[in-house]
Amino acid sequence: VTRSGDAGAGNRWPEVWARRRLDSSKGSLVAQLLAADGFDTGYGDIAESHWVDFLSDWATQLNITPDSSVFEVGCGSGAFLYEMHRRGCDVAGLDQSAALVDIARATMPDGHFEAADLPELPRADVVTSFSVFGYFPSLAYAEAVVRRMVAKAKTGVAIFDLPDSARRDDALAERIAPAGGPDNYAARYEGLAHLYYSREWIEQVLRSARLEGVRTADQDLPAYRNGQYRFNAWGFRAVADADRR
Ligand SMILES: C[S@@+](CC[C@H](N)C(=O)[O-])C[C@H]1O[C@@H](n2cnc3c(N)ncnc32)[C@H](O)[C@@H]1O
């Protein structure tokens with residue numbers, strides 16, 4: 001269906017996320033959370049104003065109101081959830097980095113956060129995941145996560161920032177040249193591969209989990225370099241389905 005990345009073997013991403021801390025020199029709290037979550041690395045830079053606008057648009061798109069509950073898989077320090085919390089939503093999340101979960105807890109003391117990979121998820125109106133699926137070890141793992149997300153969502157699911165298998169070669173080319181060629185790149189980024197997804201694959205998984213109105217679209221965060229090679233996927237729980245639960 002799609003070519004899987006190499007994120008499984010010798011995966012060094014957990015070490016990266018375990019080392020992340022809040023850095024007060026990064027500016028506002030939102031800017032600090034974005035930096036702690038890795039959106040401060042050149043390719044990953046996201047400006048606070050773009051982030052806030054992006055989440056405002058998506059809150060509308062996903063029918064998130066101040067009464068909504070929002071759960072995020074791979075919430076990190078909570079850059080995504082913090083904006084929902086500011087709107088009045090109940091927020092909760094899990095992340096495999098205990099260091100980042102500690103920051104989320106300190107930032108949103110009334111939220112519920114768990115340091116874990118793939119436990120049972122609690123129910124929430126909307127279940128999301130921003131820029132997390134690219135770090136998963138395999139498509140089989142990703143599919144298991146999607147199924148759990150859909151099972152727990154009362155109204156909708158949104159998976160953001162999926163590395164696009166159709167643009168994999170371009171994404172790699174942009175990084176290989178500045179790294180000094182393929183050998184240097186391979187040495188520097190060993191164990192730091194991304195997992196790529198085809199739109200058809202994720203749409204099919206979301207539909208087979210019984211979501212309706214399933215769609216994918218290009219990432220739409222201005223000036224976010226990684227975003228050129230990423231897309232978002234989302235869908236809604238059928239009303240009859242949600243009522244039965
Ligand atoms: C780029 S950060 C994004 C954090 C947050 N979603 C945000 O938008 O600010 C990626 C996060 O995914 C988490 N992660 C990666 N693989 C995971 C897994 N299998 N289970 C839980 N969390 C995972 C990392 O620990 C890290 O916090």
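**Overall fold, cores and selected residues of the predicted chain**

The chain folds into 10 helices and 7 strands, where helices (H or I, at least four residues) and strands (E, at least two) are DSSP runs numbered from the N terminus. With a radius of gyration of 17 Å, close to the 18 Å that the globule rule gives for 245 residues, the chain is as compact as a globular protein of that length; the radius is taken over C-alpha atoms, and the rule is 2.2 Å times the number of residues to the power 0.38. This is a predicted model, in which local features need pLDDT of at least 70 and side-chain atom pairs count only at pLDDT 80 or more, while totals for chains, interfaces and linings use all residues. Residues are numbered from 1 along each chain as its sequence is written, and side-chain values use heavy atoms, with hydrogens and water left out.

Along its principal axes, the C-alpha trace spans about 55 × 45 × 30 Å. Buried residues make up 54% of the 245 residues; buried means under 20% relative accessible area, exposed over 50%, and partly exposed in between (1.4 Å probe, protein chains only). Of the contacts with a separation of 6 or more, 69% are made by residues 24 or more positions apart, a contact being heavy atoms within 4.5 Å. The accessible surface comes to about 10900 Å², and carbon and sulfur atoms account for 49% of this area; the areas come from the Shrake-Rupley method with a 1.4 Å probe, and for residues only the protein chains shown count as cover.

What lies in the interior? The largest nonpolar core holds 40 residues, and W51, F80 and F130 touch the most other members. A nonpolar core is here a set of buried Ala, Val, Leu, Ile, Met, Phe, Trp, Tyr and Cys residues joined through side-chain atoms within 4.5 Å. At least two residues of this core come from each of α1 (13-18), α2 (29-36), α3 (48-61), α4 (79-86), α5 (98-107), β4 and β5 (153-163). A second, separate core has 31 residues, among them F71, I159, L162 and V214.

Beyond its neighbours within four places in sequence, T128 is in contact with V70, F71, E72, V73, F80, M149, A158 and F160.

Helix α5 has A99, L100, V101, I103, A104 and T107 as its buried residues, and their cover includes α1, α2, α4, β2 (90-95) and β3 (112-115). One of these residues, A104, has a relative accessibility of 0% and therefore counts as buried. Leaving aside neighbours within four places in sequence, A104 is in contact with G76, S77, G78 and F113. A104 and L33 are 71 residues apart in sequence, yet their C-alpha atoms are 8.7 Å apart in space.

Strand β2 contributes D95, a residue that counts as buried at 9% relative accessibility. D95 touches G74, C75, G76, V101, E114, A115 and A116, again not counting residues up to four places away in sequence. The C-alpha atoms of D95 and G74 are separated by 4.3 Å, although the two residues are 21 apart along the chain.

In helix α9 (199-208), the buried residues are W201, I202, E203, V205 and L206, and they pack against α6 (139-152), β5, β6 and β7. The loop between α9 and β6 (211-218) holds R210, where phi takes a positive value near 80° in a residue other than glycine. Most residues other than glycine have a negative phi. A223 likewise has a positive phi, of about 65°, although it is not a glycine. A223 lies in the loop between β6 and β7 (230-237) and is exposed, with a relative accessible area of 68%.
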